[in-house]
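Hi,

Here's the structure I said I'd pass along. Have a look at it first, and then my notes on what turned up are below.

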Amino acid sequence: MRHRISSHWVRWGTLCLPTLLVSRTDVVAQGRDAAVPTHADSVRGADNPNRSWWDVTYYDLNVRLNPRDSSFSGWNRIAYRAVQAGKTLQLDLQAPMELDSVVQGGKRLEISRDSDAYLVTLPASLRPGASAPALTAYYHGQPGRGRPPRSSGVVWSQDSLGAPWVATTDQLVGASVWWPLKDFAGDEPDSQRIAVTVADSLVGVSNGRLRGSVRNPDGSTTYEWFVSNPINSYGVAVNAGRYAHFADTLQGESGPLTLDFWSLAPHVDTARVIWAQAKTMLSCFEHWLGPYPWYADGYKLIEAPYLGMEHQSGIAYGNKFLPGYLGRDLSGTGLGLDWDYIVIHESAHEWFGNSITTREPGDLWVHEAFATYAEGLYTECRRDKAAGAKYLIGLRHGIRNTGPIAGPRGVAGWYNSDMYFKGANVLHTIRQLVNDDEKWRGILRGLSRTFRHRTVTGADIQDYIARESGLDLGRVFEQYLTTTTVPALEYQVKDGTLSYRWADVVAGFAMPVRVDIPGLGQQWLRPTEAWQRMKVPSPTGADVEVDENFYVTARSGEPGS
């Protein structure tokens, strides 16, 4: 199991692709309104007693893809150990998929169903620290369909020549939509084997490294992949198509990093050109975020029949080889057309999302805020600091502030798209507060080093940034993560006196802010909720400008109001 970071922080209040792809409306339309979680959401989302007593250590997943009837079949061998005494464990597999049987030591175990979970009764209770013989869960069915990449299970498509093209993707709906496992983000196997069986005319591509392939007597081929590191469940994916493969190597911070590219055969020449930016991206992110987390498993881009997803060591790519986000710049500045959105954004998740994974959907702002912020860092690497800032500031037009970007505990499927653009601008604001770029880079790299290959809470990340920056950021995080209001700097200039304060803020909010005052230049103000005053040479308030790098608003106010 991946190491866990403990925390007692529980708060209502924050989250891989923004509103254009999937929104709260899409989730509600599927009957998954996180504001009113269903029993199934809680069963799958919570670390309940049938989950907490055991840790998964290894998955051996074997899956056969059957495009003719859109079905999957196979088995998953599950190795685990007891951390507490226990006898009943929960395996997750969502309808209409069916769990046929669970076998241990050659004997079928008793199973019962609770919504999209199965309760498996062991022959005897296990003592803490004990390892039992592995379970093998046999299953089959036609996985659910939805809107990819998150609210889906399997995308059944065809390439331009009519050949089958199949891919899994399941961030919000959960990996248990297509295979049986402990579908809980707080527990990950230490490693995983993935065997994908497809028709001989297709290639099966998955996470990690390809160990080999075997042709079967029935006209199919099994491709064996192995992930040597911990992997989160929604980061596991299988793809099948008429793929072509080409490779490269990056001399990275931790040595040679293998780069493997799997495009559909007709697209290979275009892919060679467009995907070349992966090398500059990886170099940029290693500079800012630290070494790529998966040298042992390599880096892959895999063409997919949907827009994209951050599957660990096997990024799904469906941006049609267009600049920006399907040819659009999400920032409205033009800077987002310098690069391919899917290559950059989804690869950033290798650090934040895959290496550092939140235990709760309500903390997914950690994944999305940092990955979106990394888009600005890449723009900075390509151009300069001002361009990176301009890109992030431009994203603000897409912030809706209809709900907090930190969510509830123990609810599967929770989502708020503001975690992308708003989350990135929270980090950009904190960079201003740190006011030292090398120190800020050290904090980002320190996060990657400290929480490498771990599951975390949002509080773990907040506490680390506050501690390493030496700043009191408690009210800053509370304001931006748990409320929908943007801090407003109210001010007035009268008779040579500037009066100012924070409004629309949580109690105790006292974030410093940088302003430009004519005659004084750039100045740091330290507003509180109470009015403060300073002498200024400027005769009118209209001449005072708040630094746009801070995600705040400004308006005139009347002292004493």
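A316 is buried, because its relative accessibility is 1% and the cut-off for buried is under 20%. Keep in mind that this is a predicted model. A316 sits in strand β21, which covers residues 315-317. Leaving out residues up to four places away in sequence, A316 touches I302, A304, Y306, L307, G308, M309, H311 and I342. V238 is 78 residues away from A316 in sequence, yet the C-alpha to C-alpha distance between A316 and V238 is 10.0 Å.

Further along is L322, in the loop that runs between β21 and α6 (341-348). L322 comes out at 33% relative accessibility, so it counts as partly exposed; that class lies between the 20% and 50% cut-offs. Once its neighbours within four places in sequence are set aside, L322 is in contact with Y317, G327 and D340. As for Y341, it is 19 residues from L322 in sequence and 8.8 Å from L322 in space, going C-alpha to C-alpha.

Now for the cysteines. How many disulfides does the structure hold? There is one, and it joins C284 to C381 with an S to S distance of 2.1 Å. If you care about the geometry, the link of C284 and C381 is right-handed, with 75 degrees about the S-S bond. Is each end buried or partly exposed? C284 counts as buried because its relative accessibility is 5%, whereas C381 has a relative accessible area of 37% and is therefore partly exposed.

Helix α7 also turns up in a helix packing. Its partner is helix α11 (residues 458-469); the two pack at an angle of about 50 degrees, and their axes are 9 Å apart. On the α7 side the contact involves W365, V366 and F370, which meet G458, I461, Q462 and I465 of α11. By type, the residues in this contact of α7 with α11 split into five nonpolar, two polar and no charged.

Cheers

Notes. Residues are numbered from 1 along each chain as its sequence is written. This is a predicted model: local features need pLDDT of at least 70, side-chain atom pairs count only at pLDDT 80 or more; totals for chains, interfaces and linings use all residues. Side-chain values use heavy atoms; hydrogens and water are left out. Helices (H or I, at least four residues) and strands (E, at least two) are DSSP runs, numbered from the N terminus. Buried means under 20% relative accessible area, exposed over 50%, partly exposed in between (1.4 Å probe, protein chains only). Contact means heavy atoms within 4.5 Å. A disulfide is a pair of cysteine sulfur atoms within 2.5 Å. Axes are lines fitted to C-alpha atoms, for helices over the stretch in contact, and angles run from 0 to 180 degrees between N-to-C directions. Ala, Val, Leu, Ile, Met, Phe, Trp, Tyr, Cys and Pro count as nonpolar, Asp, Glu, Lys and Arg as charged, and the others, Gly among them, as polar.
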